[in-house]
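Subject: Structure handover

Hello,

Please find the structure below. My notes on what was found in it follow.

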Amino acid sequence: MSETDRDPASGEPADRLTEVFDLVGPLYRRAQRKVEQDAPIEGLSVGVRAVLNMLREHGSMTVPQMGRAQALSRQFVQRMINDAAARHLVEAVPNPMHKKSSLIRLTEEGRAAITAVADRERTVLRQVGGDLTDAEVATCVRVLSHLLRFLDDVDVD
């Protein structure tokens with residue numbers, strides 16, 4: 001769709017949501033590059049950071065669960081888990097619900113690494129604040145969550 005085909009000022013929700021998608025891609029890629037620039041401190045790739053953060057937030061999970069939660073292929077998640085395990089950041093433990101799919105959990109070293117990254121990111125993000133209100137941020141989260149749920153059925157494998 002060309003710029004002349006859509007009028008963001010029209011208030012048409014589809015046009016406004018297109019604006020959101022147009023912003024999310026560059027935002028994600030820039031955030032990824034920022035993580036990669038800062039990663040040498042802990043030596044974490046963006047992918048390893050993502051799985052460590054997921055485990056920090058949700059507790060032990062299987063590789064397929066992590067893949068579904070992040071819309072990533074199981075193969076990619078497994079590679080990230082292998083990288084993290086080689087650095088003793090995660091470990092596989094028996095899964096009482098499934099014999100073949102182990103649970104992956106953070107080690108103490110993994111928890112320390114992802115906590116350090118998250119703390120550093122929060123420090124950087126505090127600089128963004130400016131004139132954004134809590135209500136505006138909450139609305140942004142609500143809209144992005146709605147869009148994510150709308151695309152829940154997209155197969156990533």
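In the protein chain, 56% of the contacts with a separation of 6 or more are between residues 24 or more positions apart, where contact means heavy atoms within 4.5 Å. This is a predicted model, so local features need pLDDT of at least 70 and side-chain atom pairs count only at pLDDT 80 or more, while totals for chains, interfaces and linings use all residues. Residues are numbered from 1 along each chain as its sequence is written, and side-chain values use heavy atoms, with hydrogens and water left out.

The secondary structure consists of six helices and two strands, in the order α-α-α-α-β-β-α-α along the sequence. Helices (H or I, at least four residues) and strands (E, at least two) are DSSP runs, numbered from the N terminus. Of the 157 residues, 27% count as buried, that is, under 20% relative accessible area, with exposed over 50% and partly exposed in between (1.4 Å probe, protein chains only).

Helix packing

Helix 2 (residues 46-58) packs on helix 3 (residues 63-70) at an angle of about 100 degrees, with the axes 11 Å apart. Helix 2 is therefore roughly perpendicular to helix 3; angles of 65 to 115 degrees count as such, under 35 as roughly parallel, over 145 as roughly antiparallel and the rest as oblique. Axes are lines fitted to C-alpha atoms, for helices over the stretch in contact, and angles run from 0 to 180 degrees between N-to-C directions. Val51, Met54 and Leu55 of helix 2 make the contact with Met66, Ala69 and Gln70 of helix 3.

Helix 2 also packs with helix 4 (residues 74-86), at about 90 degrees and with axes 9 Å apart, which means that helix 2 is roughly perpendicular to helix 4. Here Gly47, Val48, Val51 and Leu52 of helix 2 meet residues of helix 4 including Phe76, Met80 and Asp83.

Helix 6

Helix 6 (residues 134-150) supplies five residues, the largest share, to the lining of the second largest pocket. Ten residues line this pocket, with Val128, Leu132, Thr133, Glu136 and Val137 nearest its centre. A pocket is an open set of points on a 1 Å grid over the protein atoms alone, where a 1.4 Å probe fits, with protein on both sides within 12 Å along at least five of seven lines; lining residues have an atom within 4 Å of a point.

Val143 lies in helix 6 and, at 27% relative accessibility, counts as partly exposed. Its C-alpha atom is 9.1 Å from that of Val20, 123 residues away along the chain.

Regards
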